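Subject: Structure handover

Hello,

Here is the structure I promised to pass on. Please open it alongside this note.

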Amino acid sequence: MFNLRKSMALTLPLGEASDQDKWDNGGLERKRQLLIEIVLRSRLTALMVDGDTTCWVLKQELLRSYGVQTLGVDNGRDAIDLIASDAAFNLIIIEKILPVLNGLEVTRQICEIGMRCKMLAVTAYSGESERQAFLATSVDVFIEKPLDLEHLVPILRELDRQ
């Protein structure tokens, strides 16, 4: 009987990169460097606004790993109410599709309230019209999900004035 498991085994000499690392073209190494390159000097605060609780919890944990104090809400109305109550944030990360009020309307109302902070739109809908609509509401950065370190770390450095 032919043993597929044994015939498929791959052994790499010590010290040599795996095929995955070679295919990665250095991207994995760059992400590892990003993880260790930032140490925040300031106490930053962030608000996550995402209708998918799992998504905002993951964003919170990512930010907390850098020492950022975070709060998450799962709908646009709660975000507006929180900001209207004079809560202050350095960064707001907002999804386009939200219960109660959509992300575009929430960002418009945040500006009307007078809140001034860095706003980052993170959405699965990344067409040019969506990007332009968000940017027109004073969102500073528009990226396609998922929120990654290549976008997040420079924003945190900017907020920390590094």
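First, the ground rules. This is a predicted model, where local features need pLDDT of at least 70, side-chain atom pairs count only at pLDDT 80 or more, and totals for chains, interfaces and linings use all residues. Residues are numbered from 1 along each chain as its sequence is written, and side-chain values use heavy atoms, with hydrogens and water left out.

Start at asparagine 75. It sits in the loop between strand 2 (69-73) and helix 5 (76-84). Helices (H or I, at least four residues) and strands (E, at least two) are DSSP runs, numbered from the N terminus. Asparagine 75 is buried, at a relative accessible area of 10%; buried means under 20% relative accessible area (1.4 Å probe, protein chains only). Leaving aside neighbours within four places in sequence, asparagine 75 is in contact with Val49, Pro99 and Val100. Contact means heavy atoms within 4.5 Å.

Now helix 5. At its start, a side-chain oxygen of asparagine 75 reaches to within 3.0 Å of the backbone nitrogen of arginine 77. Gly76, Ala79, Ile80 and Ile83 of helix 5 are buried. Seen down the helix axis, the buried residues fall within an arc of 95° (taken from the directions from the axis to the C-beta atoms), so they line one face. Their cover includes strand 1 (45-49), strand 2, strand 3 (91-94) and helix 6.

Just after helix 5, aspartate 86 takes a positive phi of about 75°.

Best wishes

Note on methods: Buried means under 20% relative accessible area, exposed over 50%, partly exposed in between (1.4 Å probe, protein chains only). A polar contact is a pair of N or O atoms within 3.5 Å; within protein, one must be able to donate a hydrogen and the other to accept it, and residues adjacent in sequence count only if both atoms are side-chain atoms.
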